[in-house]
Amino acid sequence: MPVYMDVHEVGPDVSAADIAKAHARDVETQDKYGVHYDKYYFNEKARKIFCLCHAPNAEAAVQVHKEAHGLVADQLIQIDPAMADLMMGAGEINSAGAAVLADKRDPGIRTILFTDIVASTAMTRRMGDEAAMEMLAVHDKIVRDALAQLGGREVKHLGDGIMASFTSAANAVKCATRVQKEISQYNGENSDRALKLRVGVAAGEPVEHHDDLFGCTVQLASRLCACAEPDQIIVSNVVAELCEGKLLAFQQLGEVSLKGFDQPVRAHAVTWND
């Protein structure tokens, strides 16, 4: 069954309790239309609500909201189920149906991390397929161990890197830092098989421009990774702002031009090797 994400923009007079009641009415009404509202996210700062549901079509999803409480979404898009899993993360659902993280409502913001092995094609040609696969296995283990330790979710393997999702921007940066440190330690012990890595990190809300779930955020993280130097971690300005007060060190890079982005983007490099 298709998966849909909708977004509601609400005023300051709408409380978390009001939203919980509206979701309860959705649940009471949904069976009539063959819809299942999985859970919702409330971003209190942005005053936005994100609802995730399975429905036979968009009209059915809208009709549930109309009949249940009349609060029709400002935007409704069909999303890839795999991207829905990425957005949903590992959070639990409280008794009201709200996604929660550590007993707090999940704000529905996700941080996307990309790793990329520098010059992987040249490495394969130089070392041969078997040795190159061993190097890739080293990368995969280091990255996956760090994801497991810091609450990251692997989205997909890219052949010479990994794309992952986090519900915490700080944990994404800590993960990237841990990965680079582990790679550096490995290189110190295997100078004849040194592995160089670049990392890019960006954060955003589930629904982006042009009806593309995580479109801009994923693209930005990928482009930041591509423009990073070997051994470097580059993050978007949003990530740096979300990490304020987390005792993580950043170096301002100013505005950088990225392929596919009309305007330069403010970026920061993570200081990890002091």
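Helix 6 (residues 169-189) has 21 residues, which at 1.5 Å a residue should span 30 Å; its end C-alpha atoms lie 31 Å apart, so the two values agree. The expected span is 1.5 Å times one less than the number of residues. Helices (H or I, at least four residues) and strands (E, at least two) are DSSP runs, numbered from the N terminus. The model is predicted: local features need pLDDT of at least 70, side-chain atom pairs count only at pLDDT 80 or more, and totals for chains, interfaces and linings use all residues. Residues are numbered from 1 along each chain as its sequence is written, and side-chain values use heavy atoms, without hydrogens and water.

Ser 168 caps the N-terminal end of helix 6. One of its side-chain oxygens lies 3.4 Å from the backbone nitrogen of Ala 170. Buried residues of helix 6 include Ala 169, Val 173, Cys 175, Ile 183 and Tyr 186 (buried, under 20% relative accessible area; exposed, over 50%; partly exposed, in between; 1.4 Å probe, protein chains only).

Seven strands form an open, mixed sheet in the order 9-10-8-11-12-14-13. Strand 9 and strand 13 (250-256) stand at the edges with a single partner strand each, so one side of each has no neighbour in the sheet. The twist averages 25 degrees from one strand to the next. Helix 6 packs on this sheet. Its contacts (heavy atoms within 4.5 Å) include strand 8 (110-117), strand 10 and strand 11 (197-204). The direction of helix 6 makes about 180 degrees with that of strand 11.

His 157 has Ile 162 as its bridge partner. Strand 13 runs antiparallel to strand 14 (residues 265-270), with six bridges. Glu 255 stands opposite Arg 266 in strand 14.

Helix 2 (residues 58-68) buries Ala 60, Ala 61, Val 64, His 65 and Ala 68. These cover an arc of only 140 degrees around the axis, which means that they lie on the same side of helix 2; the arc is that of the directions from the helix axis to the C-beta atoms. Their cover includes helix 1 (16-29) and strand 1 (3-9). Gly 70 follows helix 2 and has a positive phi, near 80 degrees.

Val 72 is in the loop between helix 2 and strand 4 (75-79). Val 72 is partly exposed, at 41% relative accessible area. Val 72 touches His 8, Val 62 and Lys 66, not counting residues up to four places away in sequence.

Notes:
Pairing = 2+ DSSP bridges. Polar contact = N/O pair within 3.5 Å; in protein donor to acceptor, adjacent residues only side chain to side chain. Axes fitted to C-alpha atoms, helices over the stretch in contact; angles between N-to-C directions.
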